[in-house]
Amino acid sequence: MNLNALSLFVSVIKHGSLSKTSEKLGVPIATISRQIAELEKSLQIQLFDRQKSGVKPTLSGQKLYDEVHLSIDNLLNAKQVLFDDEQNLKGVLRISAPPKCEPVLAWISEFGQKFPNVQIHATMTDRILDLSLDGIDVAFRIGNLHGDDFIAKKVATLGTKWVAHPDLLARFGTPKNLQDLKHFPLATWAKNGEQEVLVQMNKEKIALPFWFASNDVYAVEYMILQGQAIGQVADFTANEWIKENRVVEILPELEKPDYELFMLYASQRYPSLMVRKFVEFVLEKVTE
C-alpha cells in the first residue's frame, strides 16, 4: 500500500475536498486524484462517491479512514520531529584530514553554515589514526584504504603540479626533463630519517635527494615561495600561486600521478545522526 496515497486519502476526508487538500498541501489536484484512484485500484474498493458538489467517502472509505487516520497522523508527526531534530542538530563533530586539504575544508565550512549549532574540531594530519581510540568521527585520507572496522568512500581525485619561484629559475635555469631535477634544490614532504623522495612523471620513477623536507606542508610551501627550492604542491594551491604570478609551473608537459581521497567512518550499524548527516552531505557534494 502506498503510504503517500494513503496520507492524501486521509487529508481529503479531513479537509472535505480535493481543492482544499491541494491548497493546504501544495499538491496539484490532478496528482491527488491520480494517487487516490491508484489506491482504490490496489485495494479493489471504491473509497469516494464523486459528485458535482465534491467527494464523499463511501462506507468502505469511512471504515478505512477510521482505521488508519491516527496512524498516518503519528507518522507525519514523527517525520516532523525528525526534521526538527536535524535542523537543531547539536554536538561536536571530530574530523581528521591531511594538512591544507582545501576540498575537505570547503565541505566543513558549508556544512557548518547549514548546521550552525554543530561544533567542529579538525585534526589536520597525515598520520594513521584509530578512529575509536583517537576519538575521530570522520577521517579523510589519501590512498585506497580497506578495513573491517571502517567504511571508505572515494570523494575526490587530487592532482599536483611542480612549481618554482621565478628567482630560483633565474639562478638554476629551467628543468627540461625528470632527470634534470637532480640538479635543483628540492623541498618536499618526508618522514624523519628519509634521505630521498620518489618522484614519478610519465610513468617514470626516480629517487631524488632533497634539500629541505618536513612533515608540515606549510613549511614546504614556504621554502618554495621564498625561492629556495622547487617542489610538488596540490593543484588547488599551485593554480592560485600561478594566477598570482608567485610561481611558475615546471615540466607541465609531463603527466603526474593523481591521488585519490577517501572518506572513512566507523562501520557501526547505526552511526550518530550528526555523523550520518555529514557523510550524506559530503557524498551529495561530490555527486553534484
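Predicted model: local features only at pLDDT ≥ 70, side-chain atom pairs only at ≥ 80, totals over all residues.
Start with the pocket. The largest pocket holds about 1600 Å³ of space. Its lining is made up of 50 residues, and those nearest the centre are Pro 98, Asp 126, Ile 142, Trp 189 and Tyr 259. Sorted by class, the lining has 29 nonpolar, 10 polar and 11 charged residues. Where does the largest pocket lie? Domain 2, which is 91–158 + 260–287, and domain 3, which is 160–257, both give residues to the lining, so the pocket lies between them. Among the elements, strand S9, residues 196–201, gives the most to this lining, with five residues.

Next, a sheet. There is an open sheet of three strands, in the order S12-S7-S13, and the pairing is antiparallel. Its edge strands are S12, at 231–234, and S13, at 248–249, and each of these pairs on one side only. Strand S7 covers residues 160–164 and pairs with S12 over four bridges, in the antiparallel sense.

Last, the core. Which residues touch the most other members of the largest nonpolar core? They are Phe 140 and Phe 278, in a core of 25 residues. The elements that give two or more residues to this core are strands S3 (91–97), S5 (138–142), S6 (150–158) and S14 (259–266), along with helices H5 (102–114) and H9 (273–286). H9 gives the most, with six residues.

Technical notes. Residues numbered from 1 in each chain as written. Heavy atoms only, no water. 1 Å grid on protein atoms, 1.4 Å probe; cavity = no way out; pocket = protein on both sides within 12 Å on 5 of 7 lines; lining within 4 Å. Points joined across faces, edges and corners; volume = space filled by probe spheres on them. Nonpolar A, V, L, I, M, F, W, Y, C, P; charged D, E, K, R; others polar. Domains from an automatic or database assignment. Pairing = 2+ DSSP bridges. Core = buried A, V, L, I, M, F, W, Y, C linked by side-chain atoms within 4.5 Å. Buried < 20%, exposed > 50% of the residue type's maximum accessible area, 1.4 Å probe, protein only.
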